[in-house]
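Subject: Structure handover

Hi,

Here is the structure I said I would pass on. My notes on the domain interface follow below it.

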Amino acid sequence: MKIPGSRPHHDTLQTALRSAFPLDARRLVVFTVLILAVIQARTVVLYSLKTHVSLPGTLTTRYQRLCRFVQFPFPEALFPRFALSFLPPGPVDLILDRTNWKLGQQNVNILLLSAVWNGFSLPLMWTLLPHGGASHSATREALVERFLKLCPDREIWCLLADREFIGQYWFGFLDQHGIAPCIRLPARATIGAHGMPVWAVFKNLQVGEVRVWHRQTRVYGVNLRVAATKNAAGEMLYLAYRGHALPNMRRYAQRWQAENLHAALKTRGFNLEDTGLTRAERVSTLLTVVSAAFIWACVTGELVARRTATKAKKHGHRAVSVFRLGLDHLQDLLLHPSGASWRTLSTLMPRFEG
């Protein structure tokens, strides 16, 4: 719907994005209309998005243009710098996690580096693994090294990771780069000079008890502190870290933000798993589009939450997350174009500049 005297919203969004993404003009147009389309349609299926993108030509022409765009390798340096602009200055807590799904017999396996943010982790960089299952230490190291190279002015406070991300080479790499781990250990992990398994060191814990090993000890070849606790369900947490136990326990709890991010990118937001794409470079480009849409939804949701009263559940968290608040708000504006909605959407776009 054309509003007299107004600029198309994809043109306004291009202006907001141009400084962060100095792409070829034609690619910037497609990048912009795809961000709007995945918000409006809540899907990443290119064949479906061809009816939502504001591009000239027939449906076939639009679809072919979308397919050509995802073949374009997105300049890696652009997105992490853009994403970091939404964080306050200072050190960041990183989260390393993995999300995967299968398309037929093909694994789509993403090793994702994100930053602690506001209930959701902030996607920064990723690697598409050429296999199913866990990542190798060399792959993790390469991902973190790319981040350090592209964002040298950002100090890393610590790195949060689940028990999948362990090993002597990996812990040695983090130690060499001055990155404090806050990493969950599997029960079988051994510590100290005698190689005692952590489950044996921290036997007979009571629910809610936090027990700390009395001094630094060797964990995968690195001197670290180790603590353990048991939750109400009887599940044990063994944590390797630097510093004090309780702040690191609280910090590790923020690792769950990565699970919230995965849910937003997938079933609770953009349905990333529905894509028929499997080639690494194409999935990576599509993930850049979806991650940009995710950030826009979150910053919009924060604005909506400040302006309106939102219900809270018994545990104190919002009944609707800032991501869903923002996504619903942006989708509603795009699906119901009017002079008022167009102006509202335009006011939200400058916030997208970071």
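A salt bridge here means a side-chain nitrogen of Lys or Arg within 4 Å of a carboxyl oxygen of Asp or Glu. By that rule, the count between domain 1 and domain 2 is zero. Please keep in mind that this is a predicted model.

First, the layout. Domain 1 comes in two pieces, 9-72 and 288-348. Domain 2 covers 77-265. Their C-alpha centres are 30 Å apart.

Next, the interface. On the domain 1 side, 17 residues make contact, and they meet 15 residues of domain 2. Interface size is often quoted as the accessible area lost when the parts come together. For this pair of domains that area is about 1,400 Å². Carbon and sulfur atoms account for 84% of it. Within domain 1, the residues that lose the most area to domain 2 are F21, F294 and I295. Together they make up 37% of what that side buries.

Polar links are as follows. One residue pair is in polar contact across the interface, with both residues at pLDDT 80 or more. Salt bridges, as said, number zero.

Which elements give two or more residues to the domain 1 side? They are α11 (280-307) and α12 (322-335). The top contributor is α11, with nine residues. By residue class, the domain 1 side has 13 nonpolar, three polar and one charged.

Best wishes

Methods. Residues are numbered from 1 along each chain as its sequence is written. This is a predicted model: local features need pLDDT of at least 70, side-chain atom pairs count only at pLDDT 80 or more; totals for chains, interfaces and linings use all residues. Side-chain values use heavy atoms; hydrogens and water are left out. Domain bounds come from an automatic or database domain assignment. Contact means heavy atoms within 4.5 Å. Buried area is the accessible area (1.4 Å probe) that two parts lose on being put together, summed over both. A polar contact is a pair of N or O atoms within 3.5 Å; within protein, one must be able to donate a hydrogen and the other to accept it, and residues adjacent in sequence count only if both atoms are side-chain atoms. Helices (H or I, at least four residues) and strands (E, at least two) are DSSP runs, numbered from the N terminus. Ala, Val, Leu, Ile, Met, Phe, Trp, Tyr, Cys and Pro count as nonpolar, Asp, Glu, Lys and Arg as charged, and the others, Gly among them, as polar.
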